[in-house]
Amino acid sequence: MPIIYLSPSTQENNLYVSGGSEEYWMNRLADAMVPYLDASGIRYVRNTPDMTAASSITASNRGSYDLHLALHSNAAPEGRYGEVRGVLVFYYPGSVKGRRAAEIMAENLKRIYPIPALVRAEATTTIGEVRRVRAPSVFLELGYHDNPDDAAWVKSQLDLIAQNLVGSLCQYFGIPFLTPVPERRGVVDVSWGSLNIRARPDRSAPILARAYDGARLTIINQWQGWYLVRFGDVTGYASGDYITLV
């Protein structure tokens with residue numbers, strides 16, 4: 001299953017016109033994303049507010065991630081405070097995967113941002129969390145925090161934005177977007193061989209692990225005859241035909 005480095009802003013001095021900081025609201029957004037990431041089987045490692053952009057880059061580069069996702073909001077140039085709106089989705093030029101992820105996110109954000117024409121994906125070489133990370137990277141500027149309407153959009157639509165972003169990640173990784181449900185327990189029920197736990201709900205997807213008859217699983221979610229399960233340290237999809245709920 002995919003794993004991302006989730007990097008909400010650490011810029012505590014970038015203040016929202018209506019209260020709070022960029023760091024605060026982007027961490028609130030990351031908090032809102034977590035249940036949907038868990039429900040959809042996307043693993044993540046997350047920075048902390050006491051870190052910096054530089055230490056977030058270093059931490060990301062220490063691991064092996066399928067995507068680096070940075071959550072930010074923007075600010076207008078001096079003299080234009082409060083006048084500019086829009087969402088920018090940055091990626092590194094030449095990064096095929098980064099560009100694809102950015103374009104998916106931009107297209108989906110157009111569905112929920114009040115002015116869809118002001119949402120665009122754009123290449124950049126000037127942002128460290130795009131230029132200096134090893135993983136494909138997307139750097140989001142979710143509106144302008146000095147604009148009252150954009151600030152209000154972020155603050156009032158955290159859950160909707162979180163669902164939209166995780167839905168885009170699922171689209172990028174080719175897995176279903178699932179909403180949170182209570183976890184259940186299950187037992188593998190096969191008459192011979194083993195139950196394959198796969199990277200996607202597809203019998204041709206890579207096998208991540210094999211669970212034998214009687215093995216106990218944690219069922220995270222369900223999708224079209226498949227269970228999203230946790231088995232030891234592995235999270236993946238298994239056919240519901242061979243699992244008995246307990």
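What is the order of the strands in the open sheet of this structure? Hi everyone, let me walk you through it. This is a predicted model, where local features need pLDDT of at least 70, side-chain atom pairs count only at pLDDT 80 or more, and totals for chains, interfaces and linings use all residues. Residues are numbered from 1 along each chain as its sequence is written, and side-chain values use heavy atoms, with hydrogens and water left out.

So, the sheet. Its 6 strands run in the order β2-β1-β3-β6-β4-β5, and the pairing is mixed. Strands here are DSSP runs of E, at least two residues, and helices are runs of H or I, at least four residues, numbered from the N terminus. Two strands pair if DSSP finds at least two bridges between them. At the edges sit β2 (43–46) and β5 (119–123), each pairing on one side only. On average, neighbouring strands are turned by 20 degrees against each other, direction ignored. The axes are lines fitted to C-alpha atoms, for helices over the stretch in contact, and angles run from 0 to 180 degrees between N-to-C directions.

Let's start at the β2 end. β1 and β2 are parallel, with 4 bridges, and Leu-6 has Arg-46 in β2 as its bridge partner. Helix α1 (residues 22–40) packs on the sheet, touching β1, β2, β3 and β6 (137–144), and its direction makes about 140 degrees with that of β3. Touching means heavy atoms within 4.5 Å. α2 also packs on the sheet, in contact with β1 and β3, at about 175 degrees to the direction of β1.

Now a closer look at α2. In this helix (residues 53–62), Ser-56, Ile-57, Ala-59 and Ser-60 are buried, meaning under 20% relative accessible area with a 1.4 Å probe, protein chains only. Down the axis of α2, its buried residues fall within an arc of 165 degrees, so they line one face of the helix; the arc is taken from the directions from the helix axis to the C-beta atoms. Those buried residues pack against β1 (3–8), β3 (67–74) and α4 (128–131).

Over to β4 (residues 87–91). Here 5 of the 5 residues are buried, so this strand is largely enclosed by the rest of the structure. Val-87, Val-89 and Tyr-91 point one way, while Leu-88 and Phe-90 point the other way. In general, side chains in a regular strand alternate between the two faces of the sheet. β4 runs parallel to β5, joined by 5 bridges, and Tyr-91 is partnered with Ala-123 in β5.

Technical notes: Buried means under 20% relative accessible area, exposed over 50%, partly exposed in between (1.4 Å probe, protein chains only).
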